[in-house]
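Subject: Structure handover

Hello,

Here is the structure I promised to pass on to you. Please open it alongside this note, and you can follow the findings as you read.

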Amino acid sequence: MASSSSSSPPPRRSVFDAAYIRAEFDGAGISPHFIPLIWKYVLQNPRCGDLDGVPSLPAAAYALLRNKFRPTTSTLTAAAESKDRTTTKLLIRLQNGESVEAVVMRYDTRLGKYDGKPRPGGVRSTLCVSSQVGCKMGCRFCATGTMGFKSNLSSGEIVEQLVHASRYSQIRNVVFMGMGEPLNNYTAVVEAIHVLTGPPFQLSPKRITVSTVGIIHSINKFNNDLPNINLAVSLHAPDQDIRCQIMPAARAFPLGKLMNALQSYQNESKQTIFIEYIMLDGVNDQEQHAHQLGKLLETFKAVVNLIPFNPIGSSSNFKTSSDQSVKKFQKVLRGVYSIRTTVRQEMGQDIAGACGQLVVSLPDERSAGGATLLSDIEDLRI
């Protein structure tokens with residue numbers, strides 16, 4: 001007897017899944033020039049339920065879009081605002097039922113200084129996007145690592161985070177520093193960035209930063225696939241032993257080999273490398289560690305970003321470094337090794353939207369506190 005359960009059609013894809021929509025248009029003989037028009041329509045109408053309203057497409061395109069695509073496959077399910085209104089954390093539900101977080105951070109450039117003078121400009125926004133649900137890197141100081149790895153995002157799901165965030169702020173910078181290890185989802189991240197730097201988004205490559213714990217084989221391809229995109233490396237320790245202790249994945253990427261890969265990348269790309277370094281009291285924040293890090297980076301054009309550790313609940317084994325330790329560490333790197341060193345201003349801690357705190361849980365934080373605007377850490381990186 002034949003089974004009564006009929007196989008359901010495959011789920012419709014995001015129009016922002018660039019390779020997929022190009023292949024479908026190509027197969028139907030429709031020019032790919034229409035694709036950015038569709039993206040622009042969705043960006044301007046983020047709540048649109050269908051794509052029938054996109055103007056001036058060939059008739060065949062509407063039928064194809066109706067059958068195979070959705071304007072967005074993810075939905076914004078909650079938004080939490082920090083008390084100072086500088087940070088909005090977005091909870092986004094994916095088509096597979098999993099959720100990820102993206103964080104909008106607003107800065108006032110006039111609070112930063114450049115050449116001793118206040119910077120021109122005004123309020124601008126950076127979006128921190130996720131590339132995976134959870135993460136398999138298991139860094140012991142990071143909340144996302146406690147989730148384990150669940151799934152990769154498609155390129156469309158990465159781009160959709162910007163579509164959702166655009167309802168809250170005009171996004172100028174995008175940093176791949178949310179949930180997941182971007183270079184473990186390499187193909188989708190590369191494709192998403194190509195979409196973000198083309199029409200209608202037109203983000204400058206110089207304003208996109210991809211962060212990695214140091215996936216060497218992907219760093220070797222990075223400049224070829226993503227020229228002019230910033231690379232940030234979560235180094236977090238100046239020697240292999242401490243790295244392995246706090247970042248179990250570092251065992252697969254020995255520090256010597258990682259630094260060789262970064263040197264080759266820099267020789268080829270001529271790009272400054274951003275070094276992320278989380279300050280853990282008594283673990284990696286002593287003066288000797290600053291000297292080790294300085295020697296490690298002596299031959300590089302690098303900017304070191306010292307990150308205050310954000311406790312992830314009472315179970316945390318780590319403590320935040322004292323301000324005094326951070327200042328001393330910065331002084332060694334700057335004074336002895338002439339390495340540009342910034343201290344990250346933490347935003348969104350009250351909504352668990354700060355570095356290392358992204359794990360899917362959203363407090364009901366809707367306070368209408370006064371808006372104090374911060375200067376952007378990016379100001380110090382130019």
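How many aromatic pairs does a search of the whole structure find? The search finds six, where rings of Phe, Tyr and Trp (its six-membered ring) pair if their centres lie within 6.5 Å, with planes under 30 degrees apart counted as stacked, over 60 as edge-to-face and the rest as tilted. One of them joins F309 and F318: the ring centres are 6.1 Å apart and the planes stand at 80°, so this pair is edge-to-face. Both F309 and F318 are buried (buried is under 20% relative accessible area, exposed over 50% and partly exposed in between, with a 1.4 Å probe and protein chains only). Ring pairs also link F16, W39 and F201 into a cluster.

Before I go further, a word on the source: this is a predicted model, in which local features need pLDDT of at least 70 and side-chain atom pairs count only at pLDDT 80 or more, while totals for chains, interfaces and linings use all residues. Residues are numbered from 1 along each chain as its sequence is written, and side-chain values use heavy atoms, with hydrogens and water left out.

The charged end of K136 sits over the ring of F149, 4.6 Å from its centre, and the charged end of K221 sits over the ring of Y186, 4.2 Å from its centre. The criterion is NZ of Lys or CZ of Arg within 6 Å of the ring centre and within 35 degrees of the ring normal.

Now the sheet. Ten strands form an open sheet with mixed pairing, in the order β3-β4-β5-β8-β11-β12-β13-β14-β15-β16. Helices (H or I, at least four residues) and strands (E, at least two) are DSSP runs numbered from the N terminus, and two strands pair if DSSP finds at least two bridges between them. At the edges stand β3 (75-81) and β16 (340-343), each with a single partner strand, so one side of each is left without a neighbour in the sheet. On average, neighbouring strands of this sheet are turned by 25° against each other, direction ignored. Axes here are lines fitted to C-alpha atoms, for helices over the stretch in contact, and angles run from 0 to 180 degrees between N-to-C directions.

You can walk through part of this sheet strand by strand. β12 (residues 208-212) and β13 (residues 230-234) run parallel and are joined by four bridges, with V210 opposite L231. β13 pairs with β14 in the parallel sense, again over four bridges, and here L231 stands opposite I273. Seven bridges then join β14 to β15, which run parallel, and Y277 faces L306 across that pairing.

How many residues of β14 are buried? Seven of its seven are, and both faces are covered: I273, I275, Y277 and M279 lie on one side, and F274, E276 and I278 on the other.

α4 lies across β3, β4 (87-93), β5 (99-108), β8 (123-128) and β11 (171-176), running at about 130° to β4. α10 (residues 323-335) packs on the sheet and touches β14 (273-279), β15 (302-308) and β16, its direction making about 165° with that of β16.

Please look at α2 (residues 35-44) as well, where the buried residues are I35, I38, W39, Y41 and V42. They cover an arc of only 160° around the axis, which puts them on the same side of α2; the arc is that of the directions from the helix axis to the C-beta atoms. These buried residues pack against α1 (18-27), α3 (59-68), α4 (155-165) and α5 (186-196), with contact meaning heavy atoms within 4.5 Å.

Finally, some loop residues. D17, between β1 (13-14) and α1, is buried at a relative accessible area of 5%. Not counting residues up to four places away in sequence, D17 touches S154, S155, G156 and E191.

Most residues other than glycine have a negative phi, and most peptide bonds are trans. In the loop between α5 and β12, which holds P200, a cis peptide bond joins P199 and P200, with omega about 5°. Q202 lies in the loop between α5 and β12 and has a positive phi, near 55°. S338, between α10 and β16, also has a positive phi, near 50°, and S338 counts as exposed at 64% relative accessibility.

Best wishes
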